[in-house]
Amino acid sequence: MRPILQKRLPFLTPVIVLLVALLVGAVVFLTAPGNVQAAPPAQTPDNSQCLLCHQKEGAIWQLPGGEGLSITISPEMFGGSVHAKVACQTCHTNIVEYPHPANSAQTTREYTLQYENSCAQCHPNQVKEIADNAHDRVKNDPTNPNAGNTPTCADCHNPHTQSTILKDEGGKLAGLEHAASARTCAQCHNDIYEAYANSVHGEGVLVNNNPDVPSCIDCHGVHNLSGPSASGNQFRLTSPQICAKCHTDESIMGKYGLSTDVLNTYIADFHGTTVTLFEKLDPDQPTNMPVCFDCHGVHDIKRVDDPQKGIQVKDNLLATCQKCHPGATPNFPDSWLSHYIPSKDRAPLVFYVEWFYKILIPLVLGAMIILVGSDIFRRLKTRKAKPVAADVEEKASK
Amino acid sequence: MSNPQKTYNRFSIAQRIEHFVLILSFTTLALTGIPQKFAQAGISEFIIAALGGINTVRIIHRIAATLFILEAIYHAFIVGYKLIVLRLEASMLPGIKDVKDALDFFLHNVGLKKEAPQMPRYNFMEKMEYWAMIWGLVLMGLTGFMLWNPIATTNILPGVFIPAAKVAHGWEAVLAVLAILIWHFYNVHIKHWNWAMFKGHLTQEQMEEEHGAELEKIEAGEIRQLPPSEVVQKRARIYVPIAAVISLVLAALLIRFLTFEETAIETIPPAEANVAVFSQQTPTPLPTAAPTEPVNAAAITTWDAGIADLFKTKCGACHGALGGLSLASYADILKGGSSGAAILPGDAAGSPLVVLQEAGGHAGTFSPEELEIIKTWIAAGAPEK
């Protein structure tokens with residue numbers, strides 16, 4: 001029985017492999033989250049009927065609150081959008097004929113909010129992702145003055161013009177999309193955007209459209225986005241990992257001659273050790289220990305050799321230290337090795353102290369082990385020569 | 001003389017308490033210190049979590065360090081009393097004899113020397129530990145102070161002394177712990193259990209092996225002679241107040257050092273000052289409709305001169321990019337759609353487009369004036385230019 005099965009096995013193996021591969025493929029295919037999870041329903045009348053009026057340029061609906069809402073839909077833009085084949089009625093469900101039913105919206109904001117749940121029909125996964133994100137938490141916090149200002153899907157993705165988001169094979173946004181994403185956030189976070197635009201990252205994204213450089217979403221996430229004001233201490237404690245994602249990646253850092261030792265040298269130091277342990281033990285606890293952005297800047301992060309803000313400049317570093325160590329004097333910043341691993345040229349004192357112990361420890365312990373070893377050797381030899389009982393007898397007879 | 005069970009006193013109760021304090025502080029320092037040096041190791045994380053987090057670990061470490069130094073101050077006071085007031089022999093001082101003893105001990109062990117060395121009250125093994133402890137105390141105290149008070153330190157020394165102190169503090173600790181495990185544990189616990197620090201005495205057998213010279217002295221009646229009590233009292237009257245003051249000053253200095261500086265503020269400084277999270281951009285003004293010029297019917301006579309624009313605004317939404325009949329270009333309009341030509345040049349009334357428009361009900365309709373222009377244009381042969 002056994003040999004026969006073994007004989008057959010070589011033929012069976014490819015078949016089994018193929019079946020398993022097919023099964024896995026099917027499961028992956030069926031469960032892969034695409035951007036669209038449900039097909040939109042058909043409508044009457046069709047979109048061309050709506051566009052007859054709505055293509056008129058400069059058409060503005062005056063809302064009772066005083067604001068005007070542009071109701072122009074450019075057929076070219078709409079035709080080029082991902083929703084070109086989606087019926088207007090899919091979202092504008094109450095509009096089936098002209099004249100349209102009265103709308104109660106007083107402001108453009110109120111009007112936008114009427115369509116808050118429309119996207120979930122076709123994009124339930126994305127709607128799930130935004131649940132409990134930073135915006136959602138603000139929205140659900142009645143004490144937050146900005147609770148009413150959080151974006152709906154349409155505030156970031158204009159449904160009438162949103163075209164397919166261009167990504168590379170790795171799922172990374174193409175350079176121009178990357179820059180566009182930052183401008184999307186700028187609509188409501190303009191102060192931050194302006195600080196970012198002048199930073200080393202902002203310049204890379206907005207001017208050079210360099211996909212290696214982070215835009216807002218690379219650090220804060222896209223739909224599941226988080227930030228320090230909504231996610232509190234956790235964002236702070238986990239933030240070094242955000243920076244490390246790129247700054248420990250040799251394939252990116254190598255291009256710019258940047259060190260990938262920045263995380264391990266940080267963790268090896270007092271501050272980094274504390275932050276790492278805090279994060280592992282309880283990521284929600286507050287800490288006054290600095291993380292990357294406390295020294296390097298947040299959105300306005302500059303190159304380390306920037307004359308105004310760069311912390312390679314000693315005065316700048318001292319000012320940075322003094323934020324938490326008010327008594328620090330000019331020697332103090334050197335107690336931090338600036339992410340360098342001690343060597344003969346950089347922090348030689350540390351290097352030689354390490355070197356001293358590399359010799360002292362084996363020397364001292366080696367001497368001890370030799371002496372202890374010799375003692376064990378003698379005891380074993382004596383015990384072999386005269387058994388314990390005889391030893392005692394001999395001593396007793398003395 | 002020949003009773004191996006006979007015991008010899010080695011340590012007083014006070015000395016044994018000192019040893020106990022040392023065990024307590026040293027073990028605590030090691031247990032809270034080694035996980036700090038190797039903080040990323042799994043076992044360290046476990047220990048740190050078990051002790052209540054890294055901040056608690058650091059506090060415990062500093063309390064143990066304080067206890068250790070207080071013990072050192074007390075020890076200095078007692079040693080001073082023994083040497084100055086009682087004028088006892090400085091039996092812990094190392095000498096050439098100890099080097100010889102160590103060598104002989106080794107040679108005897110490996111069988112190159114028949115006789116084991118006859119060792120004094122404190123043999124070379126104990127002196128090694130004692131002086132290693134003193135070295136460790138000074139080094140750990142100094143580097144510990146630097147790490148505890150980095151701002152004060154860098155007021156005097158270059159900043160690089162702080163990371164250097166950290167490296168020295170950490171590796172010195174590793175050396176001390178391993179030395180205790182290898183040297184101390186072997187010599188007093190493994191090779192045989194030494195009760196001297198608990199019960200205070202050693203057996204004759206152990207004395208012979210480890211303190212042969214001392215045993216000989218005791219047996220010969222050369223016990224340590226104390227000076228007459230009035231001499232002791234006289235000396236103590238001078239020593240005790242001075243030493244007490246020095247000890248108190250040292251203790252006060254220690255306390256001062258513990259609270260020397262406030263290294264860092266307790267609050268979390270804002271990462272980003274003066275940046276509002278929510279700050280909307282000024283919205284782009286809504287586009288206004290281009291002013292509509294009055295239609296000059298007489299001027300619109302060809303496709304290029306205005307007919308094209310009429311079709312574009314009225315029909316372009318559907319009859320262009322969306323497929324089916326296209327009215328976007330002159331060629332398209334002549335070509336027509338799936339049900340044939342849209343216009344018949346020269347025959348305005350018969351053109352399907354005009355028929356459809358006049359019947360009404362189409363989604364897009366021309367105004368009567370516009371339809372009139374179209375009809376005139378078709379009747380003229382629908383010229384392009």
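A salt bridge, as I use the term in these notes, is a side-chain nitrogen of Lys or Arg within 4 Å of a carboxyl oxygen of Asp or Glu. With that in hand I looked up A:Arg378, which forms a salt bridge with B:Glu209, the closest N and O atoms being 4.0 Å apart.

**Ground rules**

I am working on a predicted model, in which local features need pLDDT of at least 70 and side-chain atom pairs count only at pLDDT 80 or more, while totals for chains, interfaces and linings use all residues. Residues are numbered from 1 along each chain as its sequence is written, chains are lettered from A and ligands numbered from 1 in the order in which they are written, and side-chain values use heavy atoms, with hydrogens and water left out.

**Entry: between chain A and chain B**

I counted three salt bridges between chain A and chain B. For polar contacts (a pair of N or O atoms within 3.5 Å; within protein, one must be able to donate a hydrogen and the other to accept it, and residues adjacent in sequence count only if both atoms are side-chain atoms), I noted 25 residue pairs between chain A and chain B, both residues being at pLDDT 80 or more.

I then asked which elements give two or more residues to the side of chain A that touches chain B. They are helices H2 (47-54), H10 (190-197), H13 (228-247), H15 (262-268), H16 (270-281), H17 (292-296) and H19 (348-385) of chain A, together with strand S2 (68-70) of chain A. Here helices (H or I, at least four residues) and strands (E, at least two) are DSSP runs, numbered from the N terminus. H19(A) gives the most to this side, with 21 residues. By class, the side of chain A that touches chain B has 38 nonpolar, 24 polar and 15 charged residues, where Ala, Val, Leu, Ile, Met, Phe, Trp, Tyr, Cys and Pro count as nonpolar, Asp, Glu, Lys and Arg as charged, and the others, Gly among them, as polar.

Taking contact to mean heavy atoms within 4.5 Å, I find 77 residues from chain A and 76 residues from chain B taking part. The size of an interface is often given as the accessible area lost when the parts come together. Chain A and chain B bury about 6,600 Å² between them, 68% of it on carbon and sulfur atoms; this is the accessible area (1.4 Å probe) that two parts lose on being put together, summed over both.

**Entry: chain A as a whole**

Chain A has 20 helices and two strands. Of its 398 residues, 31% count as buried, a term that means under 20% relative accessible area, with exposed over 50% and partly exposed in between (1.4 Å probe, protein chains only). Among the contacts in chain A with a separation of 6 or more, residues 24 or more positions apart account for 52%.

**Entry: salt bridges within the chains**

Over all chains, the structure holds 23 salt bridges. I looked up A:Asp294 and A:Arg236, whose closest N and O atoms are 2.7 Å apart in their salt bridge. This pair links distant parts of the chain, with A:Asp294 in helix H17 of chain A and A:Arg236 in helix H13 of chain A, 58 residues apart. Both A:Asp294 and A:Arg236 are buried.

A:Arg137 forms a salt bridge with A:Asp132 at 3.4 Å between the closest N and O atoms; A:Arg137 counts as partly exposed at 36% relative accessibility, and A:Asp132 counts as partly exposed at 49%.

B:Lys113 is partly exposed, with a relative accessible area of 34%, whereas B:Asp104 counts as buried at 10%.

**Entry: single residues**

Is A:Ser181 buried or exposed? A:Ser181, which has its place in helix H9 (residues 175-186) of chain A, counts as buried because its relative accessible area is 13%. Its side chain reaches the backbone oxygen of A:His178 at 2.6 Å. Leaving aside neighbours within four places in sequence, A:Ser181 is in contact with A:Leu173, A:Ser215 and A:Ile217.

B:Ala220 is found in the loop between helix H9 (212-219) and helix H10 (229-258) of chain B, and B:Ala220 is exposed, with a relative accessible area of 58%.
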